[in-house]
Amino acid sequence: MNFFDLHADTPLILCENNRDSSAVDIVNHPFKKYNQVMAVFLRDDDKNAFESYNRKTLILKQYLKGCAFPLISNLPIKSSGALLSVENAGFLAEDINRIYTLKKDGVVMLSLTWNGDNALASGANGSGGITALGKDVILEMNRLGIALDISHLNHKAAIQGIELADKVLASHSGIYALNPHQRNLKTEALLKLKEKQGIVGICFYPLFLGTDDVFKSIIHSAEFLISLGMENNIAFGSDFDGADMSPLLSKTAHIPELSKAFCSVGFKKSTIHKIFYENAIAFFSKICENK
């Protein structure tokens, strides 16, 4: 089987020098083709966020090289490998030209903030929208071919982001209609993502799913999105290495069991292939078209 994961916080594990505990196994994974987005996570209160970004990115690149798992920055994607994202690019407010460093490093998508507010946007814990400076950042992202990740924006900012961004996705989110958590996406945002040909990475975090029966909840999330006509917009964003997971789905080795669960409830193989891999590949190919 093939698998594309839109979000894992593995650089956080690497920087803590605790790689043996990583849920993400890029060496002994069970997939024929495997693409893993590695998110460089930066806290809202990090006063040296750009320096932290540079350090974490360097450590990640060294790790990938040692594992012979390539970092893919030249789209479209033609092989297995990692992709780089930034979770909380608030440091761009200090110097918007830093976005060219991100592009050079191979960043393919970024979020403007984490759960708090910054000079670019308002996160899940806030109530504001995207600032004037945040809009300038999105326009430059459009020019460079970097996708906007709305997963950590609140509803107002998410709607604005979808409207402004040429390429937009939610890398690791839940469904608000199924579990009204503030980090989950409301139906209005989902439908606007569909209009923009974006994708939604269903997150494996039980708190966002609303239950510890993770396989059932993930399948229910996919069924809900399909009911909105979004079969071609569904993907996965595990949040491995960044959240406390169910023991049933806590590492890459468990993904084949998730696939079997989809089969057991009657999902067509073609739909499963889309959700587990093909929709994400198609999304990043579209980024390449408009660069």
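Where does aspartate 239 lie? I looked this up before anything else, with the reminder to myself that this is a predicted model. Aspartate 239 sits in the loop between strand E8 (234-236) and helix H9 (255-264).

I checked the backbone of aspartate 239 and found a positive phi of about 70°, although the residue is not a glycine. Buried or exposed, I wondered about aspartate 239? Its relative accessibility is 6%, and with buried meaning under 20%, aspartate 239 counts as buried.

Then I moved on to aspartate 241, which is found in the loop between E8 and H9. Phi of aspartate 241 is near 70°, again a positive value in a residue other than glycine. I noted a relative accessible area of 12% for aspartate 241, so this one is buried.

**Entry: the whole chain**

Time to step back. I counted ten helices and eight strands in the secondary structure of the protein. The radius of gyration is 17 Å, close to the 19 Å that the globule rule gives for 291 residues, so the protein is as compact as a globular protein of that length. Taken along the principal axes, the box filled by the C-alpha atoms is roughly 50 × 45 × 35 Å.

What share of the 291 residues counts as buried? I get 56%. As for contacts with a separation of 6 or more, residues 24 or more positions apart account for 71% of them.

**Entry: helix H6**

Which residues of helix H6 (residues 187-195) are buried? I wrote down Ala189, Leu190 and Leu193. They cover an arc of only 100° around the axis, which puts them on the same side of H6.

I then asked what the buried residues of H6 pack against. Their partners are helix H5 (155-164), strand E6 (168-173), strand E7 (199-202) and helix H8 (214-227). Just after H6 I came across glutamine 197, with a positive phi of about 60°.

**Entry: leucine 42**

I found leucine 42 in the loop between strand E2 (33-41) and helix H2 (49-67). Its relative accessibility is 0%, so leucine 42 counts as buried. Which residues does leucine 42 touch, not counting those up to four places away in sequence? My list reads Ala49, Ser52, Tyr53, Lys56, Val86, Glu87, Asn88, Phe91 and Trp114.

I took one distance as well: leucine 42 and methionine 245 are 203 residues apart in sequence and, C-alpha to C-alpha, 21 Å apart in space.

**Entry: leucine 110**

Last stop, strand E4 (residues 107-111), where leucine 110 has its place. Leucine 110 is buried, with a relative accessible area of 0%. Leaving aside neighbours within four places in sequence, I see leucine 110 in contact with Val86, Ala89, Leu92, Leu102, Met141, Ile146, Ala147, Leu148 and Asp149. Val86 is also among the residues that leucine 42 touches.

How many residues apart in sequence are leucine 110 and threonine 211? I make it 101, with 28 Å between them in space, C-alpha to C-alpha.

Terms used. Residues are numbered from 1 along each chain as its sequence is written. This is a predicted model: local features need pLDDT of at least 70, side-chain atom pairs count only at pLDDT 80 or more; totals for chains, interfaces and linings use all residues. Side-chain values use heavy atoms; hydrogens and water are left out. Helices (H or I, at least four residues) and strands (E, at least two) are DSSP runs, numbered from the N terminus. The radius of gyration is taken over C-alpha atoms; the globule rule is 2.2 Å times the number of residues to the power 0.38. Buried means under 20% relative accessible area, exposed over 50%, partly exposed in between (1.4 Å probe, protein chains only). Contact means heavy atoms within 4.5 Å. The arc is that of the directions from the helix axis to the C-beta atoms.
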